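Open your viewer and get ready to click along. Each stop tells you what to select and what to look for there.

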Amino acid sequence: MQSPLPVRDGVNATRLRLPVEGPWTTAMDYMMHRWGHIDPQGIEDRFDAGEIVGEGGIPLSRTTKLEDHTFIWYYRTLPPETRIPVELNILHQDEHLLVVDKPHFLPTTPGGTYIQESALVRLRNQLNLPDLIPMHRLDRMTAGLLLLSTNPETRGKYQVLFEKRQLQKEYECVAAAEPAAGYAAVEYPVVVRNRMTKSRSYLLAEVIVGEPNAETRIERITTYDDGGRQRALYRLEPHSGKTHQLRVHMASLGLGILNDAFYPDLLDKAPDDYNKPLQLLARGVRFVDPITQEPVEYRSRLQLSHAPHTHQKT
């Protein structure tokens, strides 16, 4: 459902579904029930200013009945955010597509404590593109290629590529050269297949019994000495897109990605250490452009901090 309010400061208006019934007489009563303990005066001021609207952009008042609207939209009051000390680099931009290098620590989309400090909001504001929408997501801790649609009229053509898995994605990561104690030796290339699930209420993705829905091809590119530790650079080719898939699949081989605070072991949450980024990079993507019908390939210009300078296959 399209919002009747435009994007403001790079952020979409928030949509709220009103309950069909309850002890509330008006829409404002319900909003007071939900958020009145935080900013009651702010809620009243928004209703008085006509900044809370229903379907068709109709402004609501303090007396608008609860049953008059199913959905309402409004702009949230955004708390101040500390700037994340990383920068986005634009690799390609045309009338349909924007391709950028997203750095580690920057989330793809607004959420939680990160609103203005997300790749999407930064780019909307920087490029004055309020209709910009990401075609996929990268974890906050993952760096590399991010593709965004700049044109709502052609967006669906690119979305089909992702829905039908008609793109070839390539990632790189750094991990130990050999599996941890207790894990079997690995013959490369290896394909990991299993069934993964991720609930909103639990931080980690889990492997469960059932028909596989996640698949990754893993190749060891080179092994090398990294400050006295034997590490390796790996190429990862996912054939599905489950949350945390690459991190889970590497950890399942006893090869947890360097600086991963989730897998194989969940560490206590600590402030971001910008000197220890997760060593996982979305390196490249290939597909047939649905507009030009020509094959295209985009490659990240970023480098993992613990990757070797030269890649010699072993």
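## Stop one: an open pocket

Start with the second largest pocket, which has a volume of about 470 Å³. A pocket here is an open set of points on a 1 Å grid over the protein atoms alone, with protein on both sides within 12 Å along at least five of seven lines, and lining residues have an atom within 4 Å of a point. Grid points are joined across faces, edges and corners, and a volume is the space filled by probe spheres set on the points.

Before you select anything, note that this is a predicted model: local features need pLDDT of at least 70, side-chain atom pairs count only at pLDDT 80 or more, and totals for chains, interfaces and linings use all residues. Residues are numbered from 1 along each chain as its sequence is written, and side-chain values use heavy atoms, with hydrogens and water left out.

Now select Gln2, Ser3, Val7, Asn12 and Asp131, which lie nearest the centre of this pocket among its 16 lining residues. The lining divides into 9 nonpolar, 3 polar and 4 charged residues. Ala, Val, Leu, Ile, Met, Phe, Trp, Tyr, Cys and Pro count as nonpolar, Asp, Glu, Lys and Arg as charged, and the others, Gly among them, as polar.

Next, show His136, Phe162, Lys169 and Arg283, which are among the residues lining the largest cavity. A cavity is a set of points where a 1.4 Å probe fits but cannot get out. This one has a volume of about 80 Å³. Which element gives the largest share of its lining? Colour β12 to see: 4 residues come from that strand. Strands are DSSP runs of E with at least two residues, helices are runs of H or I with at least four, and both are numbered from the N terminus. By class, the cavity lining has 7 nonpolar, 2 polar and 3 charged residues.

## Stop three: a helix pair

Select residues 27–35 (α1) and 40–48 (α2), which pack at an angle of about 155° with their axes 10 Å apart. Axes are lines fitted to C-alpha atoms over the stretch in contact, and angles run from 0 to 180 degrees between N-to-C directions. Contact means heavy atoms within 4.5 Å. Across the contact, Ala27, Met28, Met31, Met32 and Trp35 in α1 meet Pro40, Ile43, Glu44 and Phe47 in α2.

## Last stop: backbone details

Finish with the cis peptide bonds. One joins Tyr188 and Pro189, with omega about -5°; another joins Tyr263 and Pro264, with omega about 5°.
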